[in-house]
Amino acid sequence: MPNIDLSIKLCNIRLNNPTILASGILGTTKALLKRVAENSAGAVTIKSISVEPREGHKNPTVITFEAGMLNAVGYSNPGVEAAAREFTDLQDVGVPVIASVIGTQKEDFVRVVEGISGLEFSAIEIPLSCPHTPGFGLLAGQGTPQATFEITSAVRRATSLPIFVKLSPNITDICNIAKAAEDAGANAITAVNSMGPGMIINIEAQKPILSFKVGGVTGDALRPIAVRCVYDLYKAIKIPIIGVGGISTGRHAIEMIMAGASVVGIGTGVYYRGVDVFRKVCEEMTQWMQENGFSNINSIVGGAHD
Amino acid sequence: MIEQPMMVKICDIIEESSTVKTFFFESNMQFEPGQFVMVWIPLLDEKPFTISYIQNNIFGISVLKRGLFTNALHAKKIGGTIGIRGPYGRGFSLQTNSNLCVIGGGIGMASLSAVIDRLNLTLKVHQGNVTVIQGARTSAEIIYQKRFKNMNLCTEDGSVGFKGTTVKLFGELLKKQRFKQVFACGPEMMLYKVVELCREYCIECEVSLDRYIKCGFGICGQCDCSGHRVCIDGPVFNMEELSRMEDFGKTIMTKTGERVIY
């Protein structure tokens, strides 16, 4: 039996394993981040922070369906000042913590990055791709190569931490946007955000269920699309890829890594398998690697390419 | 399970007090005392409510008229519809111990009422007794007066029962009675003091916590209490768990996720 090594370096951040808590799931408090870390996540991402506090959309904000989840939480968050009080002494979490930063314009991204600059975050993630919050992401036109370049450049000037740019799967050519982010100094691409938006209607009520009516689709339904995006990106860019979308088993994680991801994000997987989904995925990856003669996770990255 | 509301018809309504109504609906869901449902009014909002009546396949939720959403619920008539998803959460762990005390403050009594029903059933067989303390601001706000006989009532204004808080009344009862286990639900400062008293008297205790709930199934993180998700790890927690929850009785998160101090 080969000795299995799941540890990996992402932009000079050392991770015990390639599973990362994706943004928006459980990342509201330091205590929850710690709990996720204790359940074997290699790194964790906080819920996105904006300059001002936001209540987000009214409930229902998160529902599920046969093939995944639909959410329109609407970026509820306490704002950068309160977040800076919450996320102090991050070494207590036990694994690297990634800050997810949002804004309606590039100056806002910079203000949030500056507001958390004294804290011990390991990287900054900027999602330019939310499909269901007016003023942010796709609904604010942030998902174009030009906007991506401008926002990423502004954040680049504001921080020396690694920058991950999170992209939407809903665009014809994700590679052009990724290249714009790479040119602007991004250190990794997070692919992908939720897709859609989609809609689920309760036919007895004759109304869409989500209060915002539409929401981002995640989970199993997203996985093949996310895998394709990562596969395309692997050929197009040099910086590493964080593969996110429908991963809840070790096999899913291996598939995403073979497509070209260096590490994987897990979000909806927490719904499918609980907070210990990270431990389960790692155990399943280890077992698969043992059975198939791989000892080092790095040797699998991009393995599905010709 | 797919987490989507199902529309149900309101089959009965009881006026429990000047401010509380119970709405009954039929469902084939399996509920345990202390669990809750998310109630949806299309185009308005969705909020959590504990199941307060469990009678075969008829369930009730007791709703305090307080804001926009509960006002809209109170305007519903028999035959009207609401959306229900659930059941969610971990309820009370009912043991067949004798000498139990149930302490409800305000609408917190709703989450305990299904417990009392279940305990009464069990204790008939086991020859124990259940002491119920209900506290309210004033007599008009006392609920379930016909449903439960011999409750120990207390009100802030003394208009009925003991004049003072549930905690004070509980303290008085402790002088003459021994309890093996306590179940409590109500304002968090009340719960905090009940837990302190239970610790002092070496009584087992479980309390049901209230937080702003969004998803209801443990993924959004909105209802966190010191790393515990109130919607799925709770809402009922025991003393051992509470002793590790620094936020208990101290801070609560608002809709935005900002921490506010009690």
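The model is predicted: local features need pLDDT of at least 70, side-chain atom pairs count only at pLDDT 80 or more, and totals for chains, interfaces and linings use all residues. Residues are numbered from 1 along each chain as its sequence is written, while chains are lettered from A and ligands numbered from 1 in the order in which they are written.

**Chain A**

Chain A has 9 helices and 16 strands. Helices (H or I, at least four residues) and strands (E, at least two) are DSSP runs, numbered from the N terminus. The radius of gyration of chain A is 18 Å, close to the 19 Å that the globule rule gives for 306 residues, so chain A is as compact as a globular protein of that length. That radius is taken over C-alpha atoms, and the rule is 2.2 Å times the number of residues to the power 0.38. The C-alpha trace spans about 50 × 50 × 40 Å along its principal axes.

Of the 306 residues, 61% count as buried. Buried means that 20 or more other C-beta atoms, placed from the backbone, lie within 10 Å of the residue's own.

Helix α6(A) covers residues 223–236. Its 14 residues reach 20 Å from first C-alpha to last, close to the 20 Å expected at 1.5 Å a residue. The expected span is 1.5 Å times one less than the number of residues. Among the buried residues of α6(A) are Arg223(A), Val227(A) and Tyr234(A). Their cover includes α5 (174–183), β10 (188–191), β15 (241–244) and α7 (250–259) of chain A.

**Where chain A meets chain B**

Here 37 residues of chain A are in contact with 26 residues of chain B. Contact means C-beta atoms, placed from the backbone, within 7 Å. On the chain A side, α1 (30–38), β5 (62–65), α2 (79–86) and α8 (269–273) give two or more residues each.

**Chain B**

Chain B is divided into domain 1 (6–88) and domain 2 (100–261). The bounds come from an automatic or database domain assignment. The C-alpha centres of the two domains lie 20 Å apart. Across the boundary, 20 residues of domain 1 are in contact with 21 residues of domain 2. The largest share of the domain 1 side, 6 residues, comes from β4(B).

The table gives both sides by class.

Methods
Contact = placed C-beta atoms within 7 Å. Buried ≥ 20, exposed ≤ 12 C-beta atoms within 10 Å, placed from the backbone.
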